[in-house]
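My entries follow the order in which I looked things up.

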Amino acid sequence: HELELSQHLYDKLANMRHIILYEDYPTKNNAISTISFTVKQKTCTDVSEALNAKNIAVRSGYHCSPLAHRFLGTLSDGTIRVSLSLFNTKKEINSFICAINKINS
């Protein structure tokens, strides 16, 4: 279930021109239920605060790994991290995608 949700979220984010993903496509061999991304022209803090205002919980920043962010080229601002669980639904992911689109408009 989590793999299916992760793939659904990844597909939705990958089709958005203003999103930069920092994960490979989730498969059975590399699946984790966390996806890191940034929104072009927006700070991670601004995006996470806007999502928080819509009752969507994400984490932003360096996630205790500044060396990884140096490698990724995100050391200036970090990334936004969204985590899924067994209890999430595709409907929630679609609501998340709508919120990301509104933040970018």
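These entries cover the fold, the strand pairing and the aromatic pairs.

**Entry 1: the model**
I noted at the outset that this is a predicted model.

**Entry 2: overall build**
I began with the secondary structure. The chain has four helices and four strands. I then read along the sequence and wrote down the pattern α-β-β-α-β-α-β-α. The radius of gyration is 13 Å, close to the 13 Å from the globule rule for 105 residues, so the chain is as compact as a globular protein of that length. Along the principal axes, I get a C-alpha trace of about 35 × 30 × 25 Å.

**Entry 3: burial and contacts**
I looked up burial next. Of the 105 residues, 36% count as buried. The chain exposes about 6600 Å², and carbon and sulfur atoms supply 50% of that area. For contacts with a separation of 6 or more, I find that 56% join residues 24 or more positions apart.

**Entry 4: strand pairing**
Which strands pair with β4? I found β2 joined to β4 (residues 79-83) in the antiparallel sense, over four bridges. Threonine 34 has serine 83 in β4 as its bridge partner. Strand β3 (residues 59-61) also pairs with β4 in the antiparallel sense, over three bridges. Here glycine 61 has threonine 79 in β4 as its bridge partner.

**Entry 5: aromatic pairs**
How many aromatic pairs are there? I count two, taking ring centres within 6.5 Å as the rule.

I took tyrosine 10 and tyrosine 25 to begin with. Their ring centres are 5.4 Å apart and their planes stand at 90°, so I logged the pair as edge-to-face. Tyrosine 10 sits in helix α1 (residues 2-14), and tyrosine 25 in the loop between β1 (19-21) and β2 (34-39), so the pair ties together parts 15 residues apart in sequence. Are the two tyrosines buried or exposed? Tyrosine 10 is buried, at 13% relative accessible area. Tyrosine 25 is partly exposed, at 34%.

I then turned to phenylalanine 37 and phenylalanine 96. This pair is edge-to-face, with 6.1 Å centre to centre and 85° between the planes. Phenylalanine 37 belongs to strand β2 and phenylalanine 96 to helix α4 (residues 90-104), so I checked how far apart they lie: 59 residues, a link between distant parts of the chain. Phenylalanine 37 is buried, with a relative accessible area of 0%. Phenylalanine 96 is buried too, at 5%.

Key:
Residues are numbered from 1 along each chain as its sequence is written. This is a predicted model: local features need pLDDT of at least 70, side-chain atom pairs count only at pLDDT 80 or more; totals for chains, interfaces and linings use all residues. Side-chain values use heavy atoms; hydrogens and water are left out. Rings of Phe, Tyr and Trp (its six-membered ring) pair if their centres lie within 6.5 Å; planes under 30 degrees apart count as stacked, over 60 as edge-to-face and the rest as tilted. Helices (H or I, at least four residues) and strands (E, at least two) are DSSP runs, numbered from the N terminus. Buried means under 20% relative accessible area, exposed over 50%, partly exposed in between (1.4 Å probe, protein chains only). Two strands pair if DSSP finds at least two bridges between them. The radius of gyration is taken over C-alpha atoms; the globule rule is 2.2 Å times the number of residues to the power 0.38. Contact means heavy atoms within 4.5 Å. Accessible areas come from the Shrake-Rupley method with a 1.4 Å probe; for residues, only the protein chains shown count as cover.
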